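Subject: Structure handover

Hello,

Please find the structure below, followed by notes on what was found in it. The notes begin with the overall build and then turn to single residues.

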Amino acid sequence: MLRSLISCRSLSSSSLLRSAAPAVSSAAKSLPDLTYLKFDSNASKDLYAVCKIHNIPYMVTKGDKLILPYRIKNHEVGDVLKLNNVVTLGSRNFTYNDFNGIPEEAYELTATLAEITREPRYEVVRKKQRCRRKKTTVVEPFQTHLIINELKLK
């Protein structure tokens with residue numbers, strides 16, 4: 001069951017990765033010229049983006065359902081997340097890549113946390129070499145489902 005949109009929070013790499021990364025000011029990065037991409041994307045209908053969540057790239061368009069193989073802490077079902085680590089924006093004919101990240105002022109990408117579920121339960125069997133004893137553990141990992149609300153160029 002989805003609750004109403006409560007808050008808008010930012011989802012990027014973990015705090016350890018953020019503190020270890022060098023600080024780059026947004027004033028140092030100039031906004032890219034995306035006029036060809038704006039005209040070709042047909043009012044953001046044919047637009048796609050490659051965003052990184054915890055350094056794993058995901059290719060998304062508006063309306064996609066994104067399944068993450070872990071649980072996002074400190075967020076609840078219905079929260080609107082702002083995905084701010086985009087490395088590629090494109091359409092059928094034009095693509096803009098920047099592996100350091102495209103400035104947030106150039107696009108808007110939001111997602112709603114739809115549900116947090118668990119995968120089906122399975123057993124993992126561990127055995128050491130030359131030892132007959134086996135250890136079995138039951139594993140039931142989390143899954144987080146995100147729905148992409150909005151992808152548009154500014």
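**Overall build**

The chain's secondary structure amounts to two helices and eleven strands. Here helices (H or I, at least four residues) and strands (E, at least two) are DSSP runs, numbered from the N terminus. Read from the N terminus, the order of elements is β-α-α-β-β-β-β-β-β-β-β-β-β.

Two points on the basis of these notes. This is a predicted model, in which local features need pLDDT of at least 70 and side-chain atom pairs count only at pLDDT 80 or more, while totals for chains, interfaces and linings use all residues. Residues are numbered from 1 along each chain as its sequence is written, and side-chain values use heavy atoms, with hydrogens and water left out.

The chain has 154 residues, of which 32% count as buried. Buried means under 20% relative accessible area, exposed means over 50%, and partly exposed lies in between (1.4 Å probe, protein chains only). The accessible surface of the chain is about 10,500 Å², and 51% of that belongs to carbon and sulfur atoms. These areas come from the Shrake-Rupley method with a 1.4 Å probe; for residues, only the protein chains shown count as cover.

A contact means heavy atoms within 4.5 Å. Among contacts between residues at least 6 apart in sequence, 73% join residues at least 24 apart.

**Salt bridges**

Side chains of opposite charge can pair when their charged atoms come close. A salt bridge is counted when a side-chain nitrogen of Lys or Arg is within 4 Å of a carboxyl oxygen of Asp or Glu. By this rule there are four salt bridges, among them the following.

- K82 pairs with E104, with the closest N and O atoms 3.4 Å apart. This pair links distant parts of the chain, 22 residues apart: K82 is in strand β5 (residues 80-83), and E104 is in the loop between β7 (95-97) and β8 (107-118). K82 is partly exposed because its relative accessibility is 34%, and E104 is partly exposed at 31%.
- R121 and E140 form a salt bridge with an N to O distance of 3.1 Å. R121 lies in the loop between β8 and β9 (122-127) and E140 in the loop between β10 (134-139) and β11 (142-153), so the pair ties together parts that are 19 residues apart in sequence. R121 counts as exposed at 59% relative accessibility, whereas E140, at 28%, counts as partly exposed.
- E150 and K152 also meet in a salt bridge, at 3.4 Å from N to O. E150 is partly exposed, with a relative accessible area of 25%, and K152 is partly exposed as well, with 33%.

**Y96 and what it touches**

Which residues is Y96 in contact with, leaving aside its neighbours within four places in sequence? They are P32, L34, V87, T88, L89 and I102. Y96 itself is in strand β7 and counts as partly exposed because its relative accessibility is 26%. Its C-alpha atom is separated by 9.5 Å from that of A49, which is 47 residues apart from Y96 along the chain.

**A charged patch**

R126, K128, R133 and K135 form a positive surface patch. Of these, K128 is found in the loop between β9 and β10, and K128 counts as exposed because its relative accessibility is 66%. Patches are made of residues with over 30% relative accessible area and no salt bridge, with like charges joined within 9 Å and nonpolar side chains (Val, Leu, Ile, Met, Phe, Trp, Tyr) within 5 Å. Lys and Arg count as positive and Asp and Glu as negative, while His and the chain ends are not counted. The place of a charge is taken as NZ of Lys, CZ of Arg, CG of Asp or CD of Glu.

Regards
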